[in-house]
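Open the model in your viewer and show it as a cartoon. This short tour tells you what to select at each stop.

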Amino acid sequence: MTGTLVLAGTPIGDISDAPPRLAEELAGADVVAAEDTRRLRRLTQALGVTPKGRVVSYFEGNESARTPELVEELAGGARVLLVTDAGMPSVSDPGYRLVAAAVERDVKVTAVPGPSAVLTALALSGLPVDRFCFEGFLPRKAGERLGRLREVADERRTLVYFEAPHRLDDTLAAMAEVFGGERRAAVCRELTKTYEEIRRGPLAELAAWAAEGVRGEITVVVEGAPEKGPEEYDDAELVRRVRVREEAGERRKEAIAAVAAEAGLPKRQVFDAVVAAKNAGSV
């Protein structure tokens, strides 16, 4: 009999949001793998539980090395509980490698649902939530960050990002540059904590606000791109769309064909716009 891997959501701020099952799993697991054992200790003390099992660290730095060890524990019948500092394991946190390895060995994987910064921010944003796309953390380097944003510049679904407070102003400025300064967004700070704040407005306005300095855990929700009709695709927009696809790895010929299909225009018209921009030195 193999064991069970349990992914447990932990509070993102208010400790009283912890589900009752979290305390039960912490007390009964054979192994508790924690992103930060010191934070785990504070969590168990707050919940009034003492883990009976072995406690090990499981974070980005040792995730690859520790995964095989935990899989062997699971294969031997152990119940392994995985917790991260806040929220659900695997969502921009350690966990994916262990889940994939456990599934490969036919080990049962289950979860203790818990608080989620992604869903909480979405619900509070005031933006459409029927369809959304979680993008995690953007790259730290400016060029890579712009490239990633350009990949989703035409995404119709609402976008959700995590960001560090000291990079928030640069990220919002980059979003305003790529998405447009009037695109609506919400910056959700310190969710469920004492100083929770939801700041809503156009990206340009939010970027100016963030330039003054922001603290705390940050989740950014951005409105999806508006639908465009063929009449709105001027030459500059056609060239921009081709460039975005090329930066994502498409060959120019395929990018031109795809943009022409999106815009409902002849490929020759898109091709001519790209050639003109190239001759003008803008491509």
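Start with two strands. Select residues 184-189, strand β8, and then residues 197-202, strand β9. The model you are looking at is predicted. β8 and β9 pair in the antiparallel sense, over six bridges. Show Val187 and look across to β9: Arg199 stands opposite.

Now turn to another partner of β8. Select residues 218-222, strand β10. Five bridges join β10 to β8, and the two run antiparallel.

How many of its six residues are buried? Five are, so the strand is mostly covered, with buried meaning under 20% relative accessible area. In a regular strand, side chains alternate between the two faces of the sheet.

Last stop: Thr4. Select residues 4-8 to see strand β1, where Thr4 is found. Is Thr4 buried or exposed? Thr4 counts as buried, because its relative accessibility is 13% and the cut-off is under 20%. Which residues is Thr4 in contact with, leaving aside neighbours within four places in sequence? Show Leu74, Ala78, Arg79 and Val80, then Val107, Lys108 and Thr110.

Definitions and conventions: Residues numbered from 1 in each chain as written. Predicted model: local features only at pLDDT ≥ 70, side-chain atom pairs only at ≥ 80, totals over all residues. Heavy atoms only, no water. Buried < 20%, exposed > 50% of the residue type's maximum accessible area, 1.4 Å probe, protein only. Helix = DSSP H or I, 4+ residues; strand = E, 2+ residues; numbered from the N terminus. Pairing = 2+ DSSP bridges. Contact = heavy atoms within 4.5 Å.
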